[in-house]
Amino acid sequence: MSSFWFYFTEGWKHIISQDALDHQLFIIALAVIYTFRDWKRVLILVTAFTIGHSLTLALSVFNVIRVASSWVEFLIPVTIVLTALWNVLRQHKPRQINANYFLALFFGLIHGLGFANTIRMMLASDESVGTGLLGFNLGLEAGQVIVVLVVLLLTKLVTGGLKIPQRIYIFAVSALVFILSLKMALERVPSLS
């Protein structure tokens, strides 16, 4: 059981730590278009991301897939740029919002590769690979739920308390996430040589 909690904590830190800004920005970009009345949809969205993340993490740990870390570190902020841009450019019609589930799942596949090398080394000497992966992914999910809760609370405060229209709030948050993630992506462009 101590192995499970070790990996749960690692998954939690993967989202909550100060070094996890790129993952936090992605969750913010996904969740900013929702309110508390959409909490079920947001949880499904975050779970779709975790499923994608978990799948590539497992495939990587079992050496089925490997991608150069320089490309993964570049592609992670690119997924955030695209998600934030998607928020800014669309009109938030229900059918378009449903596309977020597919974005979350697909982009989760890319994000899962971001921690793959580290967890592969951690699990190499551990006999309970399944327990480690389960603990990590549940910790990741718990951390994401906390980030989503903070986003929904902030949305309630800004749009309900300060009476800022939701479309302006979504635009402002998404634009900020876009700028920060674009900067990250440009700093991480891999060498083609």
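Student: Why is Val-81 called buried?

Tutor: In this predicted model, Val-81 has a relative accessible area of 11%. Buried means under 20%, exposed over 50% and partly exposed in between, with a 1.4 Å probe and protein chains only; Val-81 is therefore buried. Residues are numbered from 1 along each chain as its sequence is written. Local features need pLDDT of at least 70 and side-chain atom pairs 80 or more, while totals for chains, interfaces and linings use all residues; side-chain values use heavy atoms, without hydrogens and water.

Student: Which residues does Val-81 touch?

Tutor: Leaving aside residues up to four places away in sequence, Val-81 touches Phe-178, Ser-181 and Leu-182; contact means heavy atoms within 4.5 Å. Val-81 itself belongs to helix H4, helices being DSSP runs (H or I) of at least four residues, numbered from the N terminus.

Student: What makes H2 roughly parallel to H4?

Tutor: The axes of H2 (residues 21-31) and H4 (residues 69-89) cross at roughly 20° and come within 9 Å. Angles under 35 degrees count as roughly parallel, over 145 as roughly antiparallel, 65 to 115 as roughly perpendicular and the rest as oblique, so H2 is roughly parallel to H4.

Student: How confident is the prediction for the chain?

Tutor: The mean pLDDT, the predictor's confidence on a scale from 0 to 100, is 87 for the chain, and 92% of its residues reach 70 or more.

Methods
Axes fitted to C-alpha atoms, helices over the stretch in contact; angles between N-to-C directions. Helix = DSSP H or I, 4+ residues; strand = E, 2+ residues; numbered from the N terminus.
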